[in-house]
Amino acid sequence: MALRKFSKYMKIMTVLIIISAVLSASYAGYTYLTAYFHNRKQVLFTLDGEKVYKEDYEKEVKSLNANIEELYKNNGLDVNKGYNKIPNKVVNEMALASVINNTMVKVLSHDLKIEVSTVDVNAKLTEIENKYGGKETLALMLAQKGSTIKDLKADIKDSLIYQKTIDKFKQKIKPTDKQLQDMYNRFKYTEYASRQFDEVKGQVEDMYYKQNLDFLINSNMEQLFSKSKISTKNKEIIDLFNDLKKVEIEVADVKVIRKDMLSFYASQAIQNPKGYYDGIEQFVNEQRKTEIQKLVDKEKIANSKGVKGLDGLTPINRIQSALQNYYYYLVDTYKPSDAEMKAWFDKNKSRYDTKNTISGEILGITYKSSEKDDKETEKRAKEVLKTLNKNNFAAKAKELSSDPGSKANGGELGWLNVSQLVPEFQVVRDTPKGSIIGPVKTMYGYHLIFVEDKDKDDPNKAKLKHILLKPVASNETKNEAKKEVINVENDLKSGKITWEKITTDKTNKYKKYDIREQFTLLERNSALPKVGYSKELMDELFSKKVGDIVEKDLNDSYVIIQKTQEIPFKAATFEEFKDRVRVEMAFDFANKQLNMTETQ
């Protein structure tokens, strides 16, 4: 939907620390030995008392340059063909703007006197540690990202502070019951799938805040930044900071500073075959000025209808808030005739027909190596060890290793601080230079380690290569897993157990069945969760009766799929969908009135 199209006229800052992104469960885990740890950070400057570190700024510069170079490459942009690259000063400005945006969240929270206790931080840390297998495992996962527990605690604190800041702002714009009911009426056929208001009231409230909090937060950020001061002896940073505050565009009471225009300049440079040519900034400023003037004019129309934005906002956010409210005003007040609605219905009839869909349950076991498989892998590792020497180690690693992070590089891990690795690798400390040892067992499998070199001054530092042999499930192990799954299938068929009993079981009886999925209202061309799309399988499921079970070997797991519901096709009638048609036509009307079509 086009509601948030207004945001394209201003760079909206989103700063929300997501702990799960740091601890992604999909992270491979094999390259953990290449971890490095932060040294003590150097303060580059302070922003209203908040420290900004040199390492964070330089990392942002490096990241921006890498992304920009990738864009040059992907778009075939070549300086030898007259293309002008984005100047280093502009890249540095963008990097500084980014770290300042992140820091302004803390400035804002302190301005509101938001505090978080050490008890709260430690409680959240414990929760994360338990989720990811304990403190040591968590430390290892963080190390893979070049981070530490200390860094994570700082992130947790920032996250909790930010959430409390959000909660405080929510209190300022708490919606009335009528506002929530109106929001529900607009989206009941899309976001809420025709469920009753009382069932989804919490979700409606979340949507209200999602659509309005940005305006309030951005306004407070802008106001604070306009008064902010930095403290540093670095003249380059001082000059960049002052440049970021310069007003580039002024329309009516709207002032847009350079910090909020940089992304537009860069975007235009990537799209233009001449690149960052002389005059590009003036050209973009004129474009934005014209677009903002259009928004100002539309706000006047909204105001003439009695529609305004939230109170206490900066001009650009006030305009965006007013136009969002005006958009909804157009939706709520649009009253097409029955003939117009019937014509819309006939044109889009297939949209309202009840589709033939199925629902069901999936249960299975992921194939995992058994103790016997582990012993076979250990035996194989010992046999490989006998064939290794310093001359063939790299070739053997490329041939045999299961570590995707080092396999292509001949098992190369480089110089590491052994004391920061998993406990099993501490054996390297007492291993002479030039030795090949193993198998060393870790949670990832069996490692054969080549100690290429050692630091004569620090016994913890060593240059390493390794070969990882990861245990895999044998056919015998897979057959045992299949048998377990089929036993559940038989119990379901006989009525001894139900899906509800499996789902609510607290005895851990079904813990081994690590694949448990539900699917609802899937059409014939849909993909099943975990299983994916298979025309043959979907045809088979649609041909089955409700209650029938299908078995499927997915190579890495074995599952059963039970069909629990099928809804047959039903042709829609106009009277049945009259209200939904009005709502859809109203959104279409509002989009056209505000020139907010998806192709714009």
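**View A. Cover over the buried residues of helix 13.** Helix 14 (349–352) and helix 20 (578–593) are among the elements that cover the buried residues of helix 13. Contact here means heavy atoms within 4.5 Å. This is a predicted model: local features need pLDDT of at least 70, side-chain atom pairs count only at pLDDT 80 or more, and totals for chains, interfaces and linings use all residues. Residues are numbered from 1 along each chain as its sequence is written, and side-chain values use heavy atoms, with hydrogens and water left out.

View B. Met 341, Trp 344 and Phe 345 are buried in helix 13 (residues 338–347). They lie on the same side of helix 13 because they cover an arc of only 100° around the axis. The arc is taken from the directions from the helix axis to the C-beta atoms. Ala 339 and Lys 347 are exposed on the other side. Buried means under 20% relative accessible area, exposed over 50%, partly exposed in between (1.4 Å probe, protein chains only).

View C. The order is 11-6-13-12, with antiparallel pairing. Strand 11 (515–522) and strand 12 (549–553) are the edges, each pairing on one side only. Two strands pair if DSSP finds at least two bridges between them. Helices (H or I, at least four residues) and strands (E, at least two) are DSSP runs, numbered from the N terminus.

**View D. Strand 6 against strand 13.** Strand 6 (residues 357–366) and strand 13 (residues 557–567) run antiparallel, joined by 10 bridges. Ile 362 stands opposite Ile 561 in strand 13.
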